[in-house]
Amino acid sequence: MDKDTSDLNEKIQILKNMIQENGSFVFFGGAGVSTESGIPDFRSADGLYNRESTVPPEKIISHTYFKMHPKEFFDFYKSKMVYTEAKPSVTHEALAKLEQEGICKAVITQNIDGLHQMAGSKNVLELHGSIYRNYCIKCGRPYGLEAIMTGKGIKQGKGRFEGVPVCECGGIIKPDVVLYEESLDESVMNESLALISDTPMLIVGGTSLNVYPAAGMLRYFKGEHLVLINKEPTAFDENAELLIQGALGQVFSRLM
Ligand code: NAD
């Protein structure tokens, strides 16, 4: 066995012991939780931010761009942010199983892909919303993902709005995802902050901790055991009691 493998094994054993001693934890995750489901993250080498594009992705998925260029926004959103074929990874599944066993108290996620719920997790706080909820910005009527992706059963815009999903009332149908320049849902944020500040053990995984205010929420953690599992270094690494620099799947497949 090489040194890296034996270090990883040792750390996974430490994590198992910590979970057993504490009895429960809260999980805080990001796009890295879903890369093993085939959904690219933003900041890895092969993530969306490192691909060639004339307009930077963070600009396209901003509120201003959505308002000014709805057609281009939806072209990008539908092709780069929605993965209808994706299935939960071993990490999603392990977290759902650990919730059933009363060990994972909640999953706080920055992801919008709904994979935690698909895996069976019930207590999921979606800080950045979900691709599965969409609503008309004029009358508030709710729509499913299919309306956005296929345009089935809904109107389509014309001219500058071509390919843009439009409600019966004429308003644009917007995904219920938090774009840059938009605020997080207050009740989801408050519930997440309460969970983070009350839990004695927090496992953070698959997030570069670059997106605020989500990343700043970790400052509310007052417990004793902070575990960080990420492929690349983050600004919070030095705060972790246990730091595992590796793939989530390798770790969570051993916690099932
Ligand atoms: P990020 O792209 O900034 O960072 C992802 C981190 O995960 C990276 O540091 C990377 O090294 C790590 N990582 C990737 N695969 C991993 C694996 N298998 N195991 C362990 N670590 C792994 O993502 P972020 O911090 O979540 O912030 C990006 C924003 O983009 C979020 O707001 C999120 O809403 C959104 N986003 C969501 C999805 C999704 O819903 N699946 C996908 C891309 C981006």
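**Close-up 1. Ring pairs tie Phe-66, Phe-73, Phe-74 and Tyr-77 into a cluster.** The model is predicted, so local features need pLDDT of at least 70 and side-chain atom pairs count only at pLDDT 80 or more, while totals for chains, interfaces and linings use all residues. Residues are numbered from 1 along each chain as its sequence is written, and side-chain values use heavy atoms, with hydrogens and water left out. Here, rings of Phe, Tyr and Trp (its six-membered ring) pair if their centres lie within 6.5 Å; planes under 30 degrees apart count as stacked, over 60 as edge-to-face and the rest as tilted. The structure has 6 aromatic pairs. One of them joins Phe-73 and Tyr-77, and it counts as stacked because the planes sit at 15°, with the ring centres 5.7 Å apart. Both residues belong to helix H4 (residues 70-81), 4 residues apart, or about one turn of the helix. Helices (H or I, at least four residues) and strands (E, at least two) are DSSP runs, numbered from the N terminus.

**Close-up 2. Tyr-77 has a second ring partner, Phe-74.** This pair is edge-to-face, with 6.4 Å from centre to centre and 85° between the planes. Phe-74 and Tyr-77 are both in helix H4, 3 residues apart, again about one turn of the helix. Both are buried, where buried means under 20% relative accessible area, exposed over 50%, and partly exposed in between (1.4 Å probe, protein chains only). Tyr-77 comes in at 0% relative accessibility, and Phe-73 at 1%. Over at Phe-66, the charged end of Lys-174 sits over the ring, 5.8 Å from its centre. For that label, NZ of Lys or CZ of Arg must be within 6 Å of the ring centre and within 35 degrees of the ring normal.

**Close-up 3. Helix H1 (residues 3-22) spans about what its residue count predicts.** With 20 residues at 1.5 Å each, H1 should span 28 Å, and its end C-alpha atoms are 29 Å apart, which agrees. That expected span is 1.5 Å times one less than the number of residues. The buried residues of H1 are Leu-8, Ile-12, Leu-15, Met-18 and Ile-19. They cover an arc of only 120° around the axis, so they sit on the same side of H1; the arc is that of the directions from the helix axis to the C-beta atoms. The face turned away from this buried side carries the exposed residues Lys-3, Glu-10, Gln-20 and Glu-21. Among the elements that the buried residues pack against are strand E1 (25-29) and helix H9 (248-252).

**Close-up 4. Ser-130 is a buried residue in strand E4 (residues 129-136).** Its relative accessibility is 3%, so Ser-130 counts as buried. Leaving out residues up to four places away in sequence, Ser-130 touches Ile-112, Asp-176 and Val-177, with contact meaning heavy atoms within 4.5 Å. A polar atom of the Ser-130 side chain lies 3.0 Å from the backbone nitrogen of Tyr-132.

**Close-up 5. Ser-197 lies in helix H8 (residues 186-198).** Ser-197 is buried too, with a relative accessible area of 17%. A polar atom of its side chain lies 2.8 Å from the backbone oxygen of Leu-193, and the Ser-197 side chain also reaches the backbone oxygen of Ala-194 at 3.4 Å. Neighbours within four places aside, Ser-197 is in contact with Tyr-220 and Lys-222.

Notes: A polar contact is a pair of N or O atoms within 3.5 Å; within protein, one must be able to donate a hydrogen and the other to accept it, and residues adjacent in sequence count only if both atoms are side-chain atoms.
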